Amino acid sequence: MDIHIKETDCFGSINKDSISYDDVDYFGNSLILLELSKIKCFVKGNKGIIGIQLTYKFRENGQEYKSIDVKTNEECTEQEFIFFPKEYITQIILWKKDKLIGFEITTDKDRSYRFGLDNGNKTMLNEFSSGKNIVVGFYTKFNINEGITSIGFYYIDKKIFSFFQLSGLFFLREKLKNKIYYDSISKDLPKLDKESLAVFKTCLLPKNSFTGVLKYIIA
């Protein structure tokens, strides 16, 4: 599938000493194949966020990768949010003064977490006001003296993302029409875990029932 990832504005301050750190620079088009596993921010007093570290997991095998990982050389406190499997950011609030001071995420599991400080000018991102989009990546501006001065987000429509995730079901459904492939899977059914067995049985459903399951999942 041809997936178009959109991006928000970059919120905060940018100057001649700003250095860009961007998830797309790390992962390119493969960003859509990963999901956020952990956000860690480094916070110092009234300076706000002086560093950030993002960890992603590859959906196929769970292998972890770090992307943006930068901070100033100052003593600080750490704030960390660990995502549940298949948990996604659906809402973001930002606080700014001359630069980014803090931000708060809310997920589709109704969990919220604030990084940095919650004073200054409060901004709620319109891209997430409807709850129809999810965050798939970050980009930031960093200054060695000030830390993270601005931040932006990559996002995608939640339903399009669901279709992308489910595209493997269509592929498997077609492959199971091949008797040799079907037999090779069938003989190992007792070894499959519950989730894999459910996927296998779903792909064998009649077309109307299969479509009904997909509509239920995406709704």
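Let's begin with one residue. Is Phe128 buried or exposed? Phe128 is buried, because its relative accessible area is 2%. Keep in mind that this is a predicted model.

Now, what does Phe128 pair with? A search of the whole structure finds 14 aromatic pairs. In one of them, the rings of Phe128 and Tyr155 have centres 5.6 Å apart. Their planes stand at 70°, so this pair is edge-to-face. Phe128 lies in the loop between S11 and strand S12 (133-143), and Tyr155 lies in strand S13 (residues 147-157). The pair therefore ties together parts that are 27 residues apart in sequence. Tyr155 counts as buried too, at 10% relative accessibility.

Here is another pair. The ring centres of Phe138 and Phe153 are 5.0 Å apart, and the planes are at 70°, so this pair is edge-to-face. Phe138 sits in strand S12 and Phe153 in strand S13, 15 residues apart. Phe138 is buried, with a relative accessible area of 0%. Phe153 is buried as well, at 0% relative accessibility. Both belong to one aromatic cluster, which also includes Phe81, Phe83, Phe103, Tyr113 and Phe115.

Some rings have a charge over the face. Arg111 lies over the face of Phe84, 3.7 Å from the ring centre. Lys71 lies over the face of Phe42, at 5.5 Å from the ring centre.

S9 (residues 100-107) and S10 pair over five bridges. Thr106 stands opposite Ser112 in S10.

Another open sheet of four strands runs S6-S5-S4-S7, again with antiparallel pairing. Its edge strands are S6 (64-71) and S7 (77-82). S4 (residues 34-44) and S5 (residues 48-58) pair over ten bridges. Lys44 stands opposite Gly48 in S5.

Last stop: Glu35, in strand S4. Is Glu35 buried or exposed? At 14% relative accessibility, Glu35 counts as buried, because the cut-off is under 20%. A polar atom of the Glu35 side chain lies 3.4 Å from the backbone nitrogen of Lys86. Beyond its neighbours within four places in sequence, Glu35 is in contact with residues including Thr55, Tyr56, Pro85 and Tyr88.

Note on methods: Residues are numbered from 1 along each chain as its sequence is written. This is a predicted model: local features need pLDDT of at least 70, side-chain atom pairs count only at pLDDT 80 or more; totals for chains, interfaces and linings use all residues. Side-chain values use heavy atoms; hydrogens and water are left out. Two strands pair if DSSP finds at least two bridges between them. Helices (H or I, at least four residues) and strands (E, at least two) are DSSP runs, numbered from the N terminus. Buried means under 20% relative accessible area, exposed over 50%, partly exposed in between (1.4 Å probe, protein chains only). A polar contact is a pair of N or O atoms within 3.5 Å; within protein, one must be able to donate a hydrogen and the other to accept it, and residues adjacent in sequence count only if both atoms are side-chain atoms. Contact means heavy atoms within 4.5 Å. Rings of Phe, Tyr and Trp (its six-membered ring) pair if their centres lie within 6.5 Å; planes under 30 degrees apart count as stacked, over 60 as edge-to-face and the rest as tilted. A charge sits over a ring if NZ of Lys or CZ of Arg is within 6 Å of the ring centre and within 35 degrees of the ring normal.
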